[in-house]
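Try each task before you read its solution.

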Amino acid sequence: MRIIKTAVALAALAIAIPAIQAQENPEQKAQRMEWFAHAKLGIFIHWGIYSKGDDSESWPIFNARMTVDDYMKQAECFTADKYDPAEWAKLIKESGARYTVITTKHHDGFALWDTRAGDVSAVKSSPAKRDLIAPFAEAVRNEGIKLGFYYSLIDWPRYDYPNVLRSGPARYDIEKEPERWQHFLDFNSAQLRELDRQWHPDLYWFDGDWEFSAEQWKAADIVAMLRENNPQVVINSRIQGYGDYDTPELGIPVVKPQYKWWETCMTMNDSWGFRIGDDDYKSPMTLLRMFVDCIAHGGNLLLDIGPRADGSIPDEEKAILKEFGRWTSKHAEAIYGTRAGIPADHVAAYTSLNEAGDILYIYLPYRPNESVELKGLKSRVNNIRVVGTDRNADWKLYNDISWSEVPGVYYIEVPEEALDERITVLAVELDEPVRLYRGSGQIISINE
Ligand code: FHN
């Protein structure tokens, strides 16, 4: 009876999982995801006609804050005359990011490249009058950074896209006008094919999948088309479950997520695109904390910048990227190639582990008073270094009792001069891949 129930449950699961995912060989996938898993930091770029700065990206259309015409008129200010893709790429590289994701097209349908599939683009409908993706792709690749393309499945202003307003009738019903819907899907596919064939990006970052189902978007076909010539391409999850990794937005997981690969996307202030008057920047310290929080939970941070319509990057954003660069270059060993750390019960700090599991990194976003307490380690500590300095930390081990299974507690003294001005990192070198005691104490049974 139980076997039948299990078989039925498995069969149901097989139907629920899209075919392409069921066929996926886990080893192949792990290989494909390797660079992404090690990269840890990416820079997101929201750039489009909304970068004029009066309102947010695309949403004023849907929320009826602007008419489609008024919204699209913003394109008149999209000059890109200060756009320096080499400078952008250098800054991204300097921050320590290993990949970048740029909005090739947001929900407003404005394409940053010279698309032949439609007329709404930087080339055809703005004073920029040129392809802005081509030089960016080249500059990014010259810096050795992985190239990611954000692409919105939604295109609210287009006549053959069904939805346009949050409250208001849809343009049409896709069940009643399947050809019109197919026309739109063909348009999206043609654009994606252009991006794919011209630049073979390392990653696609889909967005806007919530308006239709996987079947309606024909998600399986899109992914198959993108993998035809580019089988190693990484795809985010926002294509109704057909992607490779999850993308929590503006929120870092509180507990270690179930999914293996993930990335939190995060604004520096309260906006994705440039917005006049949004000075609510998170401090470099706050953003570095968030970055370390992602590392500690085994994920990546995709940190957003919003250049202006002329292509200049706000000074506040440059300063944050540079401060990330200072910190990431100093602490590289405790960033790239690490995996999620140990449970927070063991030390009052963020932690991660090296690949072998025998170095425990402890990130201290504060100045410790006297010492840092590390408990429940069955593995023995051989040495403790302060990462990015030539200093070691001394420690004392208390309550290391011969009859008890409960390991002794380490009290680590971090030299004052070795403290980082933002987040100090300790590398605790163990005699073996970390083993933890997860019990709740023991009473004496025998003594010496
Ligand atoms: O609607 C967009 C939003 O404008 C922005 O692009 C973010 C970035 O993750 N994604 C969407 C909402 O999830």
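Glu-323, Arg-326, Lys-330, Asp-420 and Arg-422 form a linked network of salt bridges (a salt bridge is a side-chain nitrogen of Lys or Arg within 4 Å of a carboxyl oxygen of Asp or Glu). The model is predicted: local features need pLDDT of at least 70, side-chain atom pairs count only at pLDDT 80 or more, and totals for chains, interfaces and linings use all residues. Residues are numbered from 1 along each chain as its sequence is written, and side-chain values use heavy atoms, with hydrogens and water left out.

**Exercise 1.** Find the salt-bridge partner of Arg-65, and state what the pair ties together.

Solution. 
- Step 1: Arg-65 bridges to Asp-55, with the closest N and O atoms 2.8 Å apart.
- Step 2: Arg-65 sits in the loop between helix H5 (59-62) and helix H6 (68-73), and Asp-55 in the loop between E1 and H5, so the pair ties together parts ten residues apart in sequence. Helices (H or I, at least four residues) and strands (E, at least two) are DSSP runs, numbered from the N terminus.
- Step 3: Asp-55 counts as buried because its relative accessibility is 11%. Arg-65, at 46%, counts as partly exposed. Buried means under 20% relative accessible area, exposed over 50%, partly exposed in between (1.4 Å probe, protein chains only).
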